[in-house]
Amino acid sequence: MTELGTIGFGLFIIVAAVGGAAILTWFERRLLGVWQDRYGPNRLGPFGIAQVAADMIKLLTKHDWVPPFADRLVFVFAPTAIVVAMLLGFAVVPFSPDHYVLDINIGLLFFLSMTSLAVYSVLLGGLASNNKYALLGGLRSAAQMVSYEVFMGLSLMGVVMLTGSFSLRAIVEAQRDMWFCIPQCLGLFTFLIAGIAESHRLPFDLPEAEHELTAGFHTEYGGMKFAMFMLGEYLGLILISCMITTLFFGGWLGPWLPPIVWFCLKVFAIICFFVLLRAAIPRPRYDQLMALGWKVMLPLTLLNLLVTGALALGMRG
């Protein structure tokens with residue numbers, strides 16, 4: 001791909017990711033309505049699709065207010081940071097053999113670094129708000145995301161061992177004979193749970209926890225700033241789904257259909273699974289979430305690392 005083509009495809013990915021996140025707000029509510037035997041959005045446009053435009057108009061026309069007791073500079077910067085970090089994460093996703101923005105040999109590390117930067121957004125938003133509920137939500141978010149980053153990184157080391165590379169394209173090519181969801185089923189399970197916690201998706205949306213903290217770290221946010229926090233969350237959902245597809249389900253690999261179509265179909269199926277989790281599983285207590293991480297997830301990731309390392313050495317020997 002030429003330099004101009006790379007820039008053009010990068011701009012297309014930004015527009016598609018932001019547009020996809022907006023459509024996902026409608027799709028999630030419709031799918032939840034189907035699974036819970038109730039109505040979703042159905043008033044505006046066919047199947048309620050114009051609800052997306054109504055939500056955007058509402059957020060754009062709301063008064064963009066900054067509390068007088070908040071740290072204005074940090075308060076404004078916080079929602080921007082999560083959107084930028086999530087969009088940068090898409091730069092290393094290989095959508096097909098010919099459709100990608102960056103093909104670097106540390107693509108997996110780049111993805112992990114972008115997800116790590118997202119914690120600063122919610123933490124700074126909670127601190128800058130100068131509100132006790134927002135502060136508690138920010139502290140919860142920092143502890144939750146930093147803890148589950150450990151398990152997310154460890155869960156991927158088995159994939160790296162089998163591939164011998166941090167390049168995401170090399171990881172996809174290594175799955176031509178068998179998708180890594182089979183030999184790395186433990187890694188897939190722990191990465192899936194860590195991805196839910198990292199993106200604050202239900203049932204692990206404890207940094208927001210409206211029943212306890214009113215709205216957590218974004219209690220004082222409204223208008224476009226609130227919309228950017230929500231946009232960052234949905235971008236994170238799409239990015240995690242893309243990475244699960246790339247790392248464990250063969251990326252663009254598949255028969256008959258064009259590679260990019262296979263990639264999009266797999267990502268769509270995983271997004272539906274995330275929405276199903278929201279519909280089916282209640283929110284745990286915060287201490288239960290942290291105990292799950294350190295008492296269950298950490299031993300599972302270490303066990304997966306040990307077994308994969310032993311098998312890799314045995315195969316080479």
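A: What follows is a short chat about helix packing, the core and a few residues.

Q: What kind of model is this, and what limits apply?
A: This is a predicted model, where local features need pLDDT of at least 70, side-chain atom pairs count only at pLDDT 80 or more, and totals for chains, interfaces and linings use all residues. Residues are numbered from 1 along each chain as its sequence is written, and side-chain values use heavy atoms, with hydrogens and water left out.

Q: At what angle do α5 and α12 pack?
A: Helix α5 (residues 132-155) and helix α12 (residues 286-316) pack at about 15 degrees, and their axes are 9 Å apart. Helices here are DSSP runs (H or I, at least four residues), numbered from the N terminus. Axes are lines fitted to C-alpha atoms over the stretch in contact, and angles run from 0 to 180 degrees between N-to-C directions.

Q: What does that make α5 and α12 to each other?
A: α5 and α12 are therefore roughly parallel. That term covers angles under 35 degrees; over 145 is roughly antiparallel, 65 to 115 is roughly perpendicular and the rest is oblique.

Q: Which residues make the contact?
A: On α5, they include Leu139, Ala143, Tyr148 and Phe151. On α12, they include Leu289, Trp294, Met297 and Leu305. Contact means heavy atoms within 4.5 Å.

Q: How many of the contact residues are nonpolar?
A: The α5 and α12 contact has 15 nonpolar residues, six polar and one charged. Ala, Val, Leu, Ile, Met, Phe, Trp, Tyr, Cys and Pro count as nonpolar, Asp, Glu, Lys and Arg as charged, and the others, Gly among them, as polar.

Q: New topic. How many residues has the largest nonpolar core?
A: The largest nonpolar core has 82 residues. Such a core is a set of buried Ala, Val, Leu, Ile, Met, Phe, Trp, Tyr and Cys residues joined through side-chain atoms within 4.5 Å. Phe111 and Leu247 have the most contacts inside this core.

Q: Which helix gives the largest share of this core?
A: Helix α10 (residues 223-248) does, with 13 residues.

Q: What is Leu247 in contact with?
A: Leaving aside neighbours within four places in sequence, Leu247 contacts residues including Leu108, Val159, Phe180 and Phe191.

Q: Is Thr246 buried or exposed?
A: Thr246 is buried, with a relative accessible area of 0%. Buried means under 20%, exposed over 50% and partly exposed in between (1.4 Å probe, protein chains only). Thr246 lies in α10.

Q: And where is Thr115?
A: Thr115 is in helix α4 (residues 107-128). Thr115 is buried too, at 6% relative accessible area. Not counting residues up to four places away in sequence, Thr115 touches Met86, Met145, Glu149, Met152 and Glu198.

Q: What about Ala170, where is that?
A: Ala170 sits in helix α7 (residues 168-173). Ala170 is partly exposed, with a relative accessible area of 29%.

Q: Last one. What is phi for Asp37 and where is Asp37 found?
A: Phi of Asp37 is near 55 degrees, a positive value in a residue other than glycine. Most residues other than glycine have a negative phi. Asp37 is in the loop between α1 (3-35) and α2 (51-61). At 73% relative accessibility, Asp37 is exposed.

Q: What is phi for Trp256?
A: Phi of Trp256 is near 70 degrees, again positive in a residue other than glycine. Trp256 is in the loop between α10 and α11 (259-280). Trp256 is exposed, with a relative accessible area of 83%.

Definitions and conventions
Helix = DSSP H or I, 4+ residues; strand = E, 2+ residues; numbered from the N terminus.
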